[in-house]
Protein chains: 2
Amino acid sequence: MIPEELLESHQAFRKKYAKGAIIFREGELPNHYFQIIHGEVKMCNFNDDGREFIQGIFSTKQSFGEPPLFLNRLYPANAIAVSDCELFILSKPLFLNLINENASVSMAIIENLAQRLHYKSVMAAEISSQEPEHRLLKLIDYSIRFFKTEKEKEGYRIDLTRQQMADLTGLRVETVIRSIKALEKKNEIKIINRKVYR
Amino acid sequence: MIPEELLESHQAFRKKYAKGAIIFREGELPNHYFQIIHGEVKMCNFNDDGREFIQGIFSTKQSFGEPPLFLNRLYPANAIAVSDCELFILSKPLFLNLINENASVSMAIIENLAQRLHYKSVMAAEISSQEPEHRLLKLIDYSIRFFKTEKEKEGYRIDLTRQQMADLTGLRVETVIRSIKALEKKNEIKIINRKVYR
DNA sequence: TTTACTTTATGATTTGAGTCATAAACCGAT
DNA sequence: ATCGGTTTATGACTCAAATCATAAAGTAAA
């Protein structure tokens, strides 16, 4: 999102995380801007009985975790590496400088936040009021535009496990599996050796 | 959010809406920036069978509906006047100018978006994975900080109808009524002639 | 190729929020 | 004071998703 050159010229450093590593935790005070060089990161919450809710999955060139940085608020969720990954990290004061100096960066930030707010608006309305199949279809369509998909001859391949879909929509795995099958029967999607295509 | 003087010096105009009036509709192309002078506005979706989901309720000095403006996307929800209200309206090109010229305005926009994203993150995790009482309590605590409350000797008075709470959390009115009562029994909240206090 | 683990799959059962019906309490306008 | 509309309230019943149990299929590592 922020061009590499700019980040590097402003003393951002690189850091690698192994799959499963925790980048920051819910409740911590944010001190840095993070942008993905390669790999994938999820932001998620765990509720009292250990169930996970995935706020979003981010990949190359995307940033995450800025909102509380601007609000002097604690992180509302955890950031965890979904795969091995490498990040640019920029300290809060340097990041804020960069924004103030550079109108195009601040516009990029605005667009990025607007983007994520849009996703949340759409999914919030879905999650709260629709049946599982509808919810999943929306997630699938949304994920095609924004994460984890590759275009193949059979259509777009959704690179999410059933469990991830469950955690993104607030459903249980079993419900996702059953709904996915129902959607296949209705010809809304295809399943080719367990992968979902649309 | 954007100072009145600035809005006026940039040719924003004022417009009044009666209670219930539709300011814009889901699916329309955004052309303006809106900021509330007085009154309240809700953004909401209606699903196939007419049920409403409230994305947020906004009041004095708050703006709404910017995200799709930045993304050249259609409105994902309707904006409806909850009470009689008056708004500042600024055309898209003038608004974008204003942001580009003025770093403090663009920072204000960033903070505003971050704020709303934060609310959505918190509520998304709640809505998708918690029991009604937990969900409602979170909404109540959040609404104390951000909308529709007044501090009284009995505590904060939540100025939301049961129906609004239902539409904000994705629950049904009856469930809200029952859960609110259960919360009162557990001494989490007070109910004084039908109003909720916390 | 065997082992250990993850992901997908499927049936049986439970449960709690949704739905439906009905009514009381409240509020504003005439 | 009366009337129409909204908001709150409550009970009975339904049903779909969650839960529980169990296993097959796939995958990665030793």
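Modeller: α7 (173–185) of chain A and α7 (173–185) of chain B each supply at least two residues of the surface near DNA strand C, where helices (H or I, at least four residues) are DSSP runs numbered from the N terminus and a residue is near a strand if one of its heavy atoms lies within 4 Å of it. The largest share of that surface, four residues, comes from α7(A). This is a predicted model, in which local features need pLDDT of at least 70 and side-chain atom pairs count only at pLDDT 80 or more, while totals for chains, interfaces and linings use all residues. Residues are numbered from 1 along each chain as its sequence is written, chains are lettered from A and ligands numbered from 1 in the order in which they are written, and side-chain values use heavy atoms, with hydrogens and water left out.

Of the 15 residues around DNA strand C, Arg162(A), Lys181(A), Arg172(B), Thr175(B) and Arg178(B) come nearest, and sugar and phosphate account for 74% of the atoms of DNA strand C that come within 4 Å of the protein. By class, the surface near DNA strand C has three nonpolar, three polar and nine charged residues; Ala, Val, Leu, Ile, Met, Phe, Trp, Tyr, Cys and Pro count as nonpolar, Asp, Glu, Lys and Arg as charged, and the others, Gly among them, as polar.

On the base side, an N or O atom in the side chain of Arg178(A) is 3.1 Å from a base nitrogen of DNA strand C.

As for the division of the protein, chain A consists of domain 1 (4–104) and domain 2 (130–197), with bounds that come from an automatic or database domain assignment. The C-alpha centres of these two domains of chain A lie 26 Å apart, and eight residues of domain 1 are in contact with ten residues of domain 2, contact meaning heavy atoms within 4.5 Å. The area buried between domain 1 and domain 2 of chain A is about 850 Å², of which carbon and sulfur atoms give 51%; buried area is the accessible area (1.4 Å probe) that two parts lose on being put together, summed over both. Arg51(A), Ile54(A) and Ile57(A) supply 61% of the area that domain 1 of chain A buries against domain 2, more than any other three residues.

Terms used:
A polar contact is a pair of N or O atoms within 3.5 Å; within protein, one must be able to donate a hydrogen and the other to accept it, and residues adjacent in sequence count only if both atoms are side-chain atoms.
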